[in-house]
Amino acid sequence: KISYMNMAADLNAKAKNYAEQLNWLKQMTALKKDISNRDYFFLADAALRAKKYDEAMIIGDQYIAKYPDQLFGYRAKANAAIALDIDSTKGTALPAIQQYIDFLSKDSVKNAKLIKSQLYYVAVYYADTIKDFPKALEVVDKILIIDPEDSFAIPAKEQLLKALTKPSAPSKTTRQTPQPAGPRQGGPTKK
């Protein structure tokens with residue numbers, strides 16, 4: 001029975017019917033006593049391809065819990081989290097991204113490009129969404145440590161430094177309307 005379900009999942013994957021592939025994979029794994037690393041990989045991948053991002057997050061968490069030394073659980077969870085907050089306006093992907101970065105940092109030399117790509121989201125969130133320029137600058141500096149010639153980080157750092165050194169505008173409540181200095185020279189005065 002499991003082999004037929006696996007064939008059905010494979011056929012749906014080849015037909016790019018990822019939601020149905022995910023359905024078959026879930027039915028198949030429900031019958032198994034032990035879900036393998038490979039099973040979790042295909043479940044997470046199918047959920048991402050089917051654009052079932054909430055489900056991919058759950059599968060990613062399960063994958064990480066069972067196989068904490070495997071990259072794809074962290075990657076699937078981070079990709080799903082980013083897809084749920086694609087423009088970084090909510091910042092909801094930050095915990096999943098940080099978890100992925102922490103995993104990747106175990107071998108930061110090998111995973112430098114992956115770490116850098118995750119830091120882009122974080123930098124954009126801090127700079128554009130919550131306007132925490134010091135924190136954004138800290139993240140951009142991490143990108144520049146990985147790649148001193150990064151085409152995103154170099155201009156971003158310049159803009160952030162400019163934003164940090166720009167004098168803040170006076171608030172509207174404390175602004176005073178200029179008053180005349182006194183009677184004008186040479187004009188009539190009241191007695």
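A: Start with the helices. In this predicted model, α7, α8 and α9 each give at least two residues to the lining of the largest pocket. The space inside comes to about 180 Å³.

Now the lining itself. Its residues are A123, V124, A127, D128, K131, F133, V140, F152, A156, Q159, L160 and A163. By type, they split into 9 nonpolar, 1 polar and 2 charged.

Take V124 from that list. V124 sits in helix α7. Beyond its neighbours within four places in sequence, V124 is in contact with S88, T129 and F152. F152 is also a lining residue of the pocket.

V140 is another lining residue. V124 and V140 are 16 residues apart in sequence. In space, their C-alpha atoms are 9.4 Å apart.

The largest nonpolar core has 30 residues, and I97, Y126 and V140 touch the most other members. Two or more residues of this core come from each of α5 (71-84), α6 (94-104), α7 (112-129), α8 (133-146) and α9 (153-165). The biggest share is from α7, with 8 residues. In soluble globular proteins, nonpolar side chains tend to be buried together.

Setting aside residues up to four places away in sequence, Y126 touches L94, K131, D132, K135, A136 and V139. One of these contacts, K131, is in the pocket lining too.

T29 lies in helix α2, which covers residues 18-31. T29 counts as buried because its relative accessibility is 8%, and the cut-off is under 20%. Leaving out neighbours within four places in sequence, T29 is in contact with I35, D39 and L43.

Last, confidence. Mean pLDDT for the protein is 87, and 87% of its residues reach 70 or more. Residues 173-191 call for caution: pLDDT stays under 50 there. For that stretch, the model has 2 contacts beyond four places in sequence.

Conventions:
Residues numbered from 1 in each chain as written. Predicted model: local features only at pLDDT ≥ 70, side-chain atom pairs only at ≥ 80, totals over all residues. Heavy atoms only, no water. Core = buried A, V, L, I, M, F, W, Y, C linked by side-chain atoms within 4.5 Å. Buried < 20%, exposed > 50% of the residue type's maximum accessible area, 1.4 Å probe, protein only. Helix = DSSP H or I, 4+ residues; strand = E, 2+ residues; numbered from the N terminus. Contact = heavy atoms within 4.5 Å. pLDDT = per-residue confidence, 0-100. 1 Å grid on protein atoms, 1.4 Å probe; cavity = no way out; pocket = protein on both sides within 12 Å on 5 of 7 lines; lining within 4 Å. Points joined across faces, edges and corners; volume = space filled by probe spheres on them. Nonpolar A, V, L, I, M, F, W, Y, C, P; charged D, E, K, R; others polar.
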